[in-house]
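Here is a friendly walk through one model, taken a region at a time. Please keep the viewer open as you read.

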Amino acid sequence: MGARRGEGPGRGRPDSVRADRLRVLASLDDDQGDADVLLAALHHAAGELGGLGAMAHLRLGVSRGVLRLNVSSGLPRTFTRLWETISDAGASAPARAVRETGTVWLPTLRTPEQAPGAPSAVPLPSGMPEGAGIVAVPLPGPRGPLGALSVITAPSREPDPAQRAFLADVARWAAGRLRLAATARPEGLSPALLRQPEPGPARAPDASAGSYDWDLRTGVLAIEERAVEALRIDRKPVDLVETWGSLIHPDDRPHVYHEHEELLRTGGLYDAEFRVRRADGSYGWVRDRGRVITDDDGRPVRMTGTFEDTSGQHVALESVGRALRYMSDGFLAVGVDWRIEFVNVTAEALLGSRGGLVGRPLWDVPAVGRVPGLEERCRRAVEEGEPAGFDVPWPDTDRWYHLRLVPVADGGLTLYVADISERRLREAAERAAAERAALVGQLNRRLARAVTAHDVVAAVAASVLPPFRAAGLVVFALENDRLNVVGAVGYPPEFADRVHGLPAGAATPVRGTLRSGTPRFVESARAYAADHPEVAGLVAAGGKGAWAFLPLTVSGREIGAAVVAFERPHRFDEEERTLLTALSGLIAQALERARLFDTATTRARELQRALLPRALPSLPAVTSAARYLPAGLGTEVGGDWYDVIPLSADRVALVIGDVMGHGMSEAATMGRLRTAVRTLSDLELPPDEILARLNDIVGDLGEDYLATCLYGIYDPVTGHFCYASAGHPPPAIARPDGTVTYPGPAPDLPLGVAAPPFDTVETRLPDGSLLALYTDGLVESRDRDIDDGMADLARVLAGAARRGRTGDLGTLCDATTGTLLPEDLRTSDDAVLLLARTHRLAAEDVATWPLPEDPIAARQAREHVRGQLAAWDLGELEMTTELIVSELIGNVVRHARGPVHLRLLRSRTLICEVSDGSLTTPRIRHASTADEGGRGLQLVAAVADRWGTRYTPDGKCIWAEQTIPGRAPDRPVPS
């Protein structure tokens, strides 16, 4: 059955089909020329309307009021020849559509009106059906219609409203895709790559050019013969401008017409390049340079200029364009308005399709906007006129590119984009190798300086944790089948205490590591708990999320393990596993060396402490405290020593010395001297004589041994302090008023090179004075002179005395040593500080009587004793004290000479002293049963706690001590 009137293709079909056609048009490649755009529009318009064919006329021309046929689809040449040029003032459908700016349908197809004087109608060519119609729609433009699209309809088929709307949509799409404002140039080349000289006079510059003259009123175009020959065009047809226009390449025709239209409107000079058809059917490039000549009223009447054959130049430029187009690096050119004018294949892949880029502002390209700082760098390069280059990661890829920005003379910019990903990978690999080498080197250097096991832990934490972004470290030492924590970083102390001493066989990853001798990597807390549920609580206690368990092996023997922990779950790549395994060997060697050092150092320190006083005695005359600071860390002990020795009559000997050098022999020498000093002190020798005996001992050891020593005696009865020094710095005396002095002249030479006698210095100390004895390591160093150090010590003691902070001598020792020798200024010498606060014996606790050189002296002495002991409420000691006094005085009367004195001292003990002018030393004799005498000293030794003899400047003194009932005995205090 035939179709009813009003029906046909495209009628009644759903809107989705028309939408599909529009989507197909919208997806047309952006790099299509104007002719291709118009052909696509005609094809879909004719198809949707069921038309017999379609035409596209453009209003852009070189004379006013003319529409020219640009392309046609589905129509014979005999038909389209009649429609090549039509007047926009005629009655044809295209002319009315342009004039009325709306859709026009004529049910009867007639030929268009020709130029003035032509017939109004011409019979249609054979083959065109009777009753065919035509529908036309304008191509909208910014300053009015650009032309019209026309569809030849089948007889009696008027387009319905939907078809009319579709035709208007197609026209709008086609008009938006026409590149009428662009300057014709070689395909895709930037103006910066083309020769653009200023338009010159209208004369032929060389043999490849010739002039022309165009009468705008008649349309007659007169071309010089030389130009015809140079351009290789057919001379005959070229007589009217319309004929010349038909020779222009269809893709270039809209641009040329547009330029002519602008020239006629604005005047001035004209310079354009386009392609023309030669006599042999090929196309060549022509450069058209000209100017408009106006009449007296300013109306354009003529245009003169030159045609020049530029095909040769374009061949070269096209070669350059092809080279740029397909070179491996990306290339992009933008104009002064920042619109993209050329983009090659490589750049297309980075930025998008070429059709969507050319003519588009560079900043509108999404990929460009995501390159950090690109716009700023481009603008700065153009402003400064200097090339610039930089590396960037490309958005949404893992690739790196080097961008080279090169400004050009016309204000544009070219961008070269080179893929440097492989180079970056190679550089990254080299950098990673260098970082690994640097990490190993850094760890090696720090481990080389590490002396103790704690130093090793600190070195590993500083060198390993930051590069691996790790959060914790625990180093275990395997000792007696237990894992003892050597050090922990990044964990709370209670966690280290919890894992300290774990059995090596406990179900932990460390056990597997020690058994296999290979590292274990646990990448999450879940994996840890799954493999070792028995100790899953350690994960929560430690608060870490991943671990590397590294065995520490030395000479095939497992000595411990190191655990590197991460805050969160962590995936260990092969490089990390290899590097951590390599580092574990360095850690093991350093830890073993440090443990051996720690063991040797511990033994050396124990030896040294065994040679020094374990505790200082608590004495009535002085309160003392001492600090010994070894020189840093090491196995070589020093020779510094000190001692506090109780003497008779509550006197106290304060001793300090320094054997020069470090080592076991120096420590042994120090032990010998300390023992000798104690032995000589028992003889109650004065300080100068004791140093003389010590000088002999050191001299007998050989020329390589030297020592300094200061020996002083404090008498609480008189408050006198006398000392002698062999090469040792003088004591500092801090009086209660805060003044600090260093008494005495320069010390004598050290022991071993001194020549006795030694000078003795004596000074009287107020009650509560503070004595500071020290070795040179406390006040002298490579960076500090000894005088400056002694001044610093004086300032510290004076400040403490003025602020009343001398009560706790232990605290004062710590404060003084901390001020003079802070941790960062420790020297290579040992240092000793001995502080002693002096206490006077009260006058009411001292009683002295002269006695005659007569036997009655014993009776008088007993009377004095009875009376004094009664006054002191010590009657229970009366009998033994009378016996002691009687025997001692009887000895003096019988064997010595006067003057004779008796002195009683009440202190922590009761002290009886009998002095005479003789130097004879009393001795206990073993009397036989027949002897009448010789038993007196035996009785004294039996009833007294201790007794002895000391020499005085005028003779000697025999003394005896008794414990006072109810008085606590002296107890030593820690030194």
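**Strands, a loop and a helix**

Strand E20 (residues 520-522) pairs with E21 in the antiparallel sense over three bridges; helices (H or I, at least four residues) and strands (E, at least two) are DSSP runs numbered from the N terminus, and two strands pair if DSSP finds at least two bridges between them. Before going further, note that this is a predicted model, in which local features need pLDDT of at least 70, side-chain atom pairs count only at pLDDT 80 or more, and totals for chains, interfaces and linings use all residues. Residues are numbered from 1 along each chain as its sequence is written, and side-chain values use heavy atoms, with hydrogens and water left out.

Within E21, Ala 548 is the bridge partner of Phe 521. E21 also pairs with E22, again antiparallel, over nine bridges, and here Ala 546 stands opposite Phe 566. The two strands E21 and E22 form a hairpin with two residues between them, and Ser 555 in the turn has a positive phi of about 55°.

Now follow the chain to His 570, in the loop between strand E22 (557-566) and helix H19 (574-611). Its side chain and that of Glu 576 are joined by a polar contact of 3.0 Å; such a contact is a pair of N or O atoms within 3.5 Å, where, within protein, one must be able to donate a hydrogen and the other to accept it, and residues adjacent in sequence count only if both atoms are side-chain atoms. Beyond its neighbours within four places in sequence, His 570 is in contact (heavy atoms within 4.5 Å) with Glu 523, Ala 546 and Glu 576.
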